[in-house]
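User: I would like to go through this model one question at a time. Please keep the answers brisk.

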Amino acid sequence: MTLDMFFDPFCLKAIVRTPDPFRHQAPGFEAEGIARTALRGVYRQGSRSLQALGLPGICNFAVNRGRILSESGMVSGMDILEIRGFRIYRGFLDADAQAGLVGDLRAVAAQAPMFSPMTPYGKPMRVKMTSAGKYGWMSDRRGYRYVTQHPDGADWPPIPERVQDIWRKLVSDERAPDCCLVNYYGEGARMGMHQDRDEADFSWPVLSVSLGDEGLFRIGNQTRGGKTESIWLRSGDVVVMGGDARLTYHGVDKIRSGSSSLLEKGGRINLTCRVVD
Ligand SMILES: O=C(O)CCC(=O)C(=O)O
C-alpha cells in the first residue's frame, strides 16, 4: 500500500497520511516523522511498521492504534528518536566535538565557577551549575529566575561558539540563545520532574546537550503526574524540546557512573540553551 507523504525540508518533518485507515489501526491514522528526503511511504501489512523510503536515509515509524509510539530515522548517518515530542539526536556530537565542548566549558567554569544552588524551599540542589550568556539561571530562597550576574558579581561569560553552532544547526540561525545553563551531575545527583517555564516566549525550544556519564531522562506530561517514559541519554546526544513538548514535565532520575571516560573525574554535564526574553 502506498501512502502520500508530504515533506517539509526546513523542519525535517515528513507527514504521512492515509485516507483509508488500516483495518487494524484506529480511524484517522496520521503519522508524523522525520525524514530529510522522504519520497513516498510504503506500509507493510501486518508488520506494524510504516517505512518511509527516501534518500539519504530510511525512517521507521512504530505505530500502534494510529498513534506513533516511537520513531527512529537515519538522517545522514544519525539516529533520531522522538518521544512525546522530544526530538533526540543520538550521537549528534562525535568524540572530538565532545572533547572540544568540554574544553570550552572548563573555560566557562574558570570564569563563572560552578555553585550548588538552593531550592526556594531551602534544600540544596543535587546538581552543581553555572551559566554562559546574557543570563544565567539561578535558584535560591527568592525563587527560580534568570539573573545577569554570577553570585560572585561578575557577568556570565559568552556562550561558546561550539554551543551556538549546535543551536544554529538544530534550532535557528535567526536568533541566538540568551542562556546556556551548565549542570553537573556527580554520582547520586538527580533532577526532579519539572517544567521549564521561566522564559518569556515558549515558542522557542529548549536545546539540551549531554556529555559524560549516561543519564536516565524521564519524560512526563504537560501537567504533573501520569505515565512517563524514560531514555538513557548518552554522551553526545542532543535533545530539542519544542512545540507541544516545550512545557512537558521532565527530569533526570539517575546517572550511570563510569559509563563514559569523557570527563576526567566522571559524572555528567548537561547544557540547556534557552531564549529568555
Ligand atoms: O540534565 C538533563 O538532561 C535535563 C536538564 C534539565 O531538565 C534542565 O536543566 O531543566
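User: In which loop is Ser-235 found?

Analyst: This is a predicted model, in which local features need pLDDT of at least 70, side-chain atom pairs count only at pLDDT 80 or more, and totals for chains, interfaces and linings use all residues. Residues are numbered from 1 along each chain as its sequence is written. Strands (E, at least two residues) and helices (H or I, at least four) are DSSP runs, numbered from the N terminus. Ser-235 is found in the loop between β17 (229–233) and β18 (238–241).

User: Is Ser-235 buried or exposed?

Analyst: A residue is buried if 20 or more other C-beta atoms lie within 10 Å of its own, exposed if 12 or fewer, and partly exposed in between, with C-beta atoms placed from the backbone. Ser-235 has 23 other C-beta atoms within 10 Å, so Ser-235 is buried.

User: How far apart in space are Ser-235 and Arg-90, C-alpha to C-alpha?

Analyst: In sequence, 145 residues separate Ser-235 and Arg-90. In space, C-alpha to C-alpha, the distance is 9.0 Å.

User: Why is strand β20 largely enclosed by the rest of the structure?

Analyst: Strand β20 covers residues 268–274. β20 is largely enclosed because six of its seven residues are buried.

User: How many bridges join strand β13 to β20?

Analyst: Two strands pair if DSSP finds at least two bridges between them. β13 (residues 179–185) and β20 run antiparallel. The bridges joining β13 to β20 number seven.

User: Which residue in β20 is the bridge partner of Gly-212?

Analyst: Strand β15 (residues 206–212) runs antiparallel to β20, and six bridges join them. In β20, the partner of Gly-212 is Arg-268.

User: Which residues come nearest to the ligand?

Analyst: A residue is near a molecule if its C-beta atom, placed from the backbone, lies within 6 Å of it. β13, β15, β16 (214–219), β19 (250–256) and β20 each supply at least two residues of the shell around the ligand. Of the 13 residues around the ligand, the nearest are Asp-196, Phe-217, Val-252, Asn-270 and Thr-272.
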